[in-house]
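Dear colleague,

Please find the structure below, followed by an account of what was found in it. I would be grateful if you could read the text alongside the coordinates.

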Amino acid sequence: MKERVLTGDRVTGKLHLGHYAGSLQNRVILQDQYESYVFLADVQALTTHFDRPELIRSHIREIMLDYLSVGIDPGKTTLYVQSMIPEIAELTIFFSMFVTVNNLRHNPTVKAESKNSSLDEMYYGFLGYPVSQAADIAFCKATIIPVGEDQLPHLELARKIVRRFNELYKPIFVEPQALISETPRLIGTDGNAKMSKSLGNAITLDASTEDLAHKIKRAVTDPARVHKNDPGHPGICPIYAYHRAFLPQDAAEIREGCERGSIGCSACKERITSALEMLLAPMRERRAYYAARPRLVDDILMAGTRHTRSLAQETMNEVREAMSLDYF
Ligand code: ATP
Ligand code: MG
């Protein structure tokens with residue numbers, strides 16, 4: 001049996017360059033070699049957007065277009081909607097019996113995302129989303145999870161949960177491994193440590209030529225560089241981070257030029273704008289193809305969801321048997 005690759009994205013907004021560098025690029029490469037699954041994490045989106053279901057709904061098709069435009073091939077990758085696989089929710093409940101609150105509250109990603117609210121104010125579903133993520137991975141017995149760095153604590157927990165289940169009942173699950181890309185965390189255009197849908201600091205994959213140029217033009221750079229010849233500090237500059245991620249062959253030269261003050265911020269920005277334009281142009285073409293065929297996109301998602309559902313049902317039969325819940 002081929003190993004399985006699985007990963008998903010919260011349906012909270014359009015995908016951006018951080019997703020591309022952190023995960024999508026790897027998914028496109030891996031789909032040639034492995035059995036691949038990619039899902040729209042609408043239940044996980046509810047953990048922070050439960051009062052905005054229409055936002056989630058409106059982004060389902062948008063993110064499908066993102067997937068198809070970057071080259072995720074529905075002939076090689078199964079695409080599905082998380083909430084339409086109720087077995088994942090069932091498995092989440094079973095897993096939640098042996099995960100302590102302490103284990104969840106100290107998860108650094110949960111802490112960072114909860115905006116410092118205390119445990120008392122945290123929603124139960126939000127605190128527990130890493131458990132649901134473990135179920136997302138386990139039901140499908142995926143072993144390779146291409147993700148950004150923020151997901152490492154969740155993968156650690158998923159491994160722990162799977163091990164515990166296997167010891168307690170029967171060894172039916174496999175331990176997943178994170179696959180971290182060369183760009184584990186892409187910085188936002190505002191200089192914030194992470195480009196994110198929710199922080200308004202992203203360059204989306206559907207950006208037009210004008211949009212892209214505008215976003216790069218407005219992106220922060222090293223504040224110490226007032227004049228072109230002032231020596232810069234590329235280590236803190238988002239533009240340099242984009243050079244490293246998307247134009248790595250030129251990064252050493254850019255670093256040197258910035259540190260010596262021989263290349264100015266606008267010239268540096270122009271170079272990355274053209275490189276990104278070359279990356280996004282073919283994506284726009286594929287997007288336009290699928291955007292003109294909404295029925296085809298729906299069919300791809302429905303077929304993928306149906307296939308995944310039957311896989312999930314098979315796993316849950318094994319789970320019930322392992323847990324002695326197979327009464328009839
Ligand atoms: P939200 O703000 O809704 O959480 P997000 O931009 O963090 O949105 P997610 O859907 O949470 O996106 O993340 C999906 C995948 O993309 C995860 O594997 C995550 O690690 C990766 N990812 C997201 N942002 C970045 C980034 N800036 N750099 C690298 N990887 C990223
Ligand atoms: Mg996130």
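The crossing of α3 and α13 is of the right-handed kind (left-handed if the near helix is turned anticlockwise from the far one by less than a right angle, right-handed if clockwise). Here α3 covers residues 53-70 and α13 residues 265-291; helices (H or I, at least four residues) and strands (E, at least two) are DSSP runs, numbered from the N terminus. The two axes come within 8 Å and cross at roughly 130°, the axes being lines fitted to C-alpha atoms, for helices over the stretch in contact, with angles that run from 0 to 180 degrees between N-to-C directions. The helices α3 and α13 are therefore oblique to each other (under 35 degrees counts as roughly parallel, over 145 as roughly antiparallel, 65 to 115 as roughly perpendicular and the rest as oblique).

In this contact, L65, L68, S69 and V70 of α3 meet M283, R286, R287, Y290 and A291 of α13, where contact requires C-beta atoms, placed from the backbone, within 7 Å. Six of the residues involved are nonpolar, one is polar and two are charged; Ala, Val, Leu, Ile, Met, Phe, Trp, Tyr, Cys and Pro count as nonpolar, Asp, Glu, Lys and Arg as charged, and the others, Gly among them, as polar.

The model is predicted: local features need pLDDT of at least 70 and side-chain atom pairs count only at pLDDT 80 or more, while totals for chains, interfaces and linings use all residues. Residues are numbered from 1 along each chain as its sequence is written, and chains are lettered from A and ligands numbered from 1 in the order in which they are written.

On the α8 side, P130, Q133, A134, I137 and A138 meet H154, L157, A158, I161 and V162 of α9. This contact comprises eight nonpolar, two polar and no charged residues.

As to domains, the assignment (bounds from an automatic or database domain assignment) gives domain 1 as 4-187 + 293-322 and domain 2 as 207-287. Their centres, taken over C-alpha atoms, are separated by 32 Å. Eight residues of domain 1 touch six of domain 2. Helix α3 gives the most to the domain 1 side, with four residues.

Finally, ligand 1 is surrounded by 19 residues, the closest being G18, G22, V147, G148 and S198 (a residue is near if its C-beta atom, placed from the backbone, lies within 6 Å). The elements giving two or more residues to this shell are β1 (4-10) and α1 (17-30), and α1 gives the most, with five.

Kind regards

Note on methods: Contact = placed C-beta atoms within 7 Å.
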